[in-house]
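The following note reviews one structure for a reader who is new to the subject. Please keep the sequence and the structure in view while reading the numbered points.

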Amino acid sequence: MTGMVRERRVIVACCGGSYAGQLACRGAVRLAREGYGDLVAVAAVAAVCRPEIEQVQAADDVVVIDGCETGCARAILERLGLEPDQYIVVAGLPLRSTGYLGIDPQDVDAVVSAGWVRDAGICILRGEKPWC
């Protein structure tokens, strides 16, 4: 097992009150449960809680999942000089429902797939042009 180093990946997600914000949060939780990365509370980062900021700074890979184009989670990191390596905007995914908090499990699947697949048509990786 020599030479194998586990990448330290963190996931920071919007947990807004909109449908897309709730999908971002649920997708991030599921990605963490599946072992994709460690979940970091966006509210703790916004509140400048040192342990969470240090966890993001120490990560090899930072994944940000925002619900909409407003990009609150990404803006919180950028305000602290932190940049995501992978950026997913849920509103840009092919969703089945736009209902208020009646979360469709297949929509959560779409968010999780965007994390695992890193499809450039769905998410933005560091160095690519901004989401549009």
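1. A residue is called buried when its relative accessible area is under 20%, exposed when that area is over 50%, and partly exposed in between. The model under review is a predicted one. Aspartate 61 has a relative accessibility of 5%, so this residue counts as buried.

2. Where does aspartate 61 lie? Its place is in strand 3. Aspartate 61 forms a salt bridge with arginine 9, and the closest N and O atoms are 2.7 Å apart. Because aspartate 61 belongs to strand 3 and arginine 9 to strand 1, the pair ties together parts that are 52 residues apart in sequence. Arginine 9 also counts as buried, at 15% relative accessibility.

3. How many salt bridges does the structure hold? There are five. One of them joins the side chains of glutamate 34 and arginine 30, at 3.1 Å from N to O. Glutamate 34 counts as partly exposed, with 39% relative accessibility; arginine 30 likewise counts as partly exposed, at 27%.

4. Arginine 30 forms a salt bridge with aspartate 109 as well, where the closest N and O atoms are 2.6 Å apart. Since arginine 30 lies in helix 1 and aspartate 109 in helix 5, this pair ties together parts that are 79 residues apart in sequence. Aspartate 109 is partly exposed, with a relative accessibility of 32%. Through shared partners, salt bridges join Arg30, Glu34 and Asp109 into one network.

5. In soluble globular proteins, nonpolar side chains tend to be buried together. The largest nonpolar core here has 20 residues, and those with the most contacts inside it are Ile11, Leu23, Leu31, Ile65, Val90 and Val111. Two or more residues of this core come from each of strand 1 (9-13), helix 1 (19-33), strand 3 (61-66) and helix 5 (105-117). Helix 1 gives the most, with six residues. Apart from this core lies another, of 16 residues, among them Val12, Val42, Ile53 and Ala73.

6. Which residues does isoleucine 65 contact, leaving aside its neighbours within four places in sequence? Its contacts include Ile11, Ala28, Leu31, Ile88, Val90 and Val111.

7. Valine 48 is placed in the loop between helix 2 (42-46) and helix 3 (50-58). Its phi is near 60°, a positive value in a residue other than glycine.

Key. Residues are numbered from 1 along each chain as its sequence is written. This is a predicted model: local features need pLDDT of at least 70, side-chain atom pairs count only at pLDDT 80 or more; totals for chains, interfaces and linings use all residues. Side-chain values use heavy atoms; hydrogens and water are left out. A nonpolar core is a set of buried Ala, Val, Leu, Ile, Met, Phe, Trp, Tyr and Cys residues joined through side-chain atoms within 4.5 Å. Buried means under 20% relative accessible area, exposed over 50%, partly exposed in between (1.4 Å probe, protein chains only). Helices (H or I, at least four residues) and strands (E, at least two) are DSSP runs, numbered from the N terminus. Contact means heavy atoms within 4.5 Å. A salt bridge is a side-chain nitrogen of Lys or Arg within 4 Å of a carboxyl oxygen of Asp or Glu.
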